[in-house]
Amino acid sequence: MKIRLYVQAAVYGVIVLCAPLASAADVDYSSAEQRIRDLETRLNSLESAGNAVNLAAYNGCDSGCDSSGDCCGSSRSSSCNRSSSWLRPCCPISQFDTEFLLFAVNNSENEIGDTQNDFNGGLRLTYSKVNQQGQIFRVRYFNFGSTLEGGGNRFEMETIDTEIGRRFTLGGGLKGEFTGGIRYAAFDERQGLNYDTTLGPLVGLQLRGRKFLNGTSFVNLRHSWQFGDGSNNGGADVPGTFKISEVQFGLEWSRASRLGTMVFRTALEAQNWSGVQDGDTEDIGLYGTSGSFGLLF
């Protein structure tokens, strides 16, 4: 009988002692669960705040990401919205352009047989690369030739430009590019002055203005100073120099495609090759139109 009482007393004691422990365990579990819920709430608030933050500065953008806050547009997987920023594109930009030219020829001394009133075709190829800092690398190739009036004379012109530069903006919505580099130029006249190889410094400026006829207006200016050996009518090569000036203004249109952005341009252009014709430093003037097709990606 006493053993039974002792067992009952022990069981009762265990129950009395474990009850507070169980309550404490319940309380601790409830507190931990509440802390986890608080953390989940804070994480959700941080994620919502993160979606509202414009992370353009960390992705190399200036201020023009798309509406989702992403600097890369949806036109191509992991590609940029190229229209987001002129000064600092979200991603590097490459562009190829093929330009077809129609030029007539004038001579500074207005001599018969040194001009051509009919328009002849020329070609210009351009590759441009713009990085995320708005820095430019560009290579241009130009070729034009014309048989002059009367058919007794002909000349060929060729240039290769290598340029670096940077984009900039001006007031009133103007944007532009300033470039500098080196120009290779060759001039060959059938019965006159020939320059097989010349090199010289080159400067260029492009300004882009307001919209007109759903296109963007632009002006291109370039000037170079050429130095090299020339020969007059098959004579000995002697050092010589001449200058090349170019001005072009027109309109540009662009349209998105599966391959990239297609770019179309039409323009009026004039060039002056100073001191290259015959042996008495006559100038050649070219004037006409150009049309180009490009692909930006």
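Colleague: Why is Arg265 called partly exposed?

Modeller: The relative accessibility of Arg265 is 21%. Buried means under 20% relative accessible area, exposed means over 50%, and partly exposed lies in between, with a 1.4 Å probe and protein chains only. Arg265 therefore counts as partly exposed. Please note that this is a predicted model, in which local features need pLDDT of at least 70, side-chain atom pairs count only at pLDDT 80 or more, and totals for chains, interfaces and linings use all residues. Residues are numbered from 1 along each chain as its sequence is written, and side-chain values use heavy atoms, with hydrogens and water left out.

Colleague: What makes the contact of Glu252 with Arg265 a salt bridge?

Modeller: A salt bridge is a side-chain nitrogen of Lys or Arg within 4 Å of a carboxyl oxygen of Asp or Glu. The closest N and O atoms of Glu252 and Arg265 are 2.8 Å apart, so the pair meets the rule. Glu252 lies in strand 8 (residues 238-256) and Arg265 in strand 9 (residues 261-277), so the bridge ties together parts that are 13 residues apart in sequence. Strands are DSSP runs (E, at least two residues), numbered from the N terminus.

Colleague: Is Glu252 buried or exposed?

Modeller: Glu252 counts as buried, at 11% relative accessibility.

Colleague: How do you know that Arg124 and Glu99 form a salt bridge?

Modeller: Their side chains meet at 3.0 Å, N to O. Arg124 belongs to strand 2 (residues 116-130) and Glu99 to strand 1 (residues 93-107), so this pair joins parts 25 residues apart in sequence. Arg124 is buried at 2% relative accessibility, and Glu99 is buried with a relative accessible area of 11%.

Colleague: What is the N to O distance for Arg140 and Asp161?

Modeller: The closest N and O atoms of this salt bridge are 2.7 Å apart. The pair links distant parts of the chain, with Arg140 in strand 3 (residues 135-147) and Asp161 in strand 4 (residues 154-169), 21 residues apart. Arg140 is buried at 8% relative accessibility, and Asp161 is buried at 1%.

Colleague: How many salt bridges does the rule give?

Modeller: The count comes to 14.

Colleague: Which residues are linked in a network of salt bridges?

Modeller: The network comprises Glu99, Arg124, Arg140, Asp161, Arg183, Glu246 and Glu269.

Terms used: Helices (H or I, at least four residues) and strands (E, at least two) are DSSP runs, numbered from the N terminus.
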